[in-house]
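Student: Please take one part of this model and look at it closely. I would like a single connected account.

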Amino acid sequence: KHGHAKAHIVALDIFTGKKLEDLCPTSHNLDVPFVKRTEYQLLTADGDTGEVSLLTESGETKDDLNLPTVVKVGEPTEDDKKVTAEILESVEKGTDIFVIVQAACGEEKIIQTKTTSG
């Protein structure tokens, strides 16, 4: 009687924390992102350049990520600032730390830290 049923979708961007909304016909299919979380050991982090060097499980270095406060779009979130502070603090103290990297839709970002127990 009044057109097709629509779905109102509200989501949070996993990289920026920004709220997004969409209105889609229920007859349409939607793409669902595949989100992967990987743990890497932190080798070095530079507070001035924002560059981070990580160690993969296979023993290779991964140098294509930056500190969470280095953002392409918008402003860093409070969590970004907190994680960056934790990373730089561990580098300063020389303690071993692992970082959790979240990847989806061709983007990657360090989202949390984890200290080694032992």
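Tutor: Start with Thr 56. Its contacts include Tyr 40 and Lys 62, leaving aside residues up to four places away in sequence. The model is predicted. Thr 56 sits in the loop between strand 4 (51-55) and strand 5 (61-66). Is Thr 56 buried or exposed? Its relative accessibility is 19%, and buried means under 20%, so Thr 56 counts as buried.

Now turn to helix 1. Helix 1 covers residues 78-93, 16 residues in total. From first C-alpha to last it reaches 23 Å, close to the 22 Å expected at 1.5 Å a residue. Which residues of helix 1 are buried? They are Asp 80, Val 83, Thr 84, Ile 87 and Ser 90. Viewed down the axis of helix 1, the buried residues fall within an arc of 130 degrees, so they line one face of the helix. An α-helix has 3.6 residues a turn, so residues three or four places apart point the same way. What covers the buried residues of helix 1 includes strand 3 (36-45), strand 6 (97-104) and strand 7 (107-115). The face turned away from the buried side of helix 1 carries exposed residues: Glu 78, Lys 82, Glu 92 and Lys 93. Just after helix 1 comes Gly 94, with a positive phi of about 80 degrees.

Another glycine with positive phi lies in a hairpin. Gly 17, in the hairpin of strand 1 and strand 2, takes a positive phi near 80 degrees. That hairpin has 6 residues between the strands. Strand 1 (residues 6-12) and strand 2 (residues 19-25) run antiparallel, joined by 7 bridges. His 8 stands opposite Leu 23 in strand 2.

How values were computed. Residues are numbered from 1 along each chain as its sequence is written. This is a predicted model: local features need pLDDT of at least 70, side-chain atom pairs count only at pLDDT 80 or more; totals for chains, interfaces and linings use all residues. Side-chain values use heavy atoms; hydrogens and water are left out. Helices (H or I, at least four residues) and strands (E, at least two) are DSSP runs, numbered from the N terminus. The expected span of a helix is 1.5 Å times one less than its number of residues. Buried means under 20% relative accessible area, exposed over 50%, partly exposed in between (1.4 Å probe, protein chains only). The arc is that of the directions from the helix axis to the C-beta atoms. Contact means heavy atoms within 4.5 Å. Two strands pair if DSSP finds at least two bridges between them.
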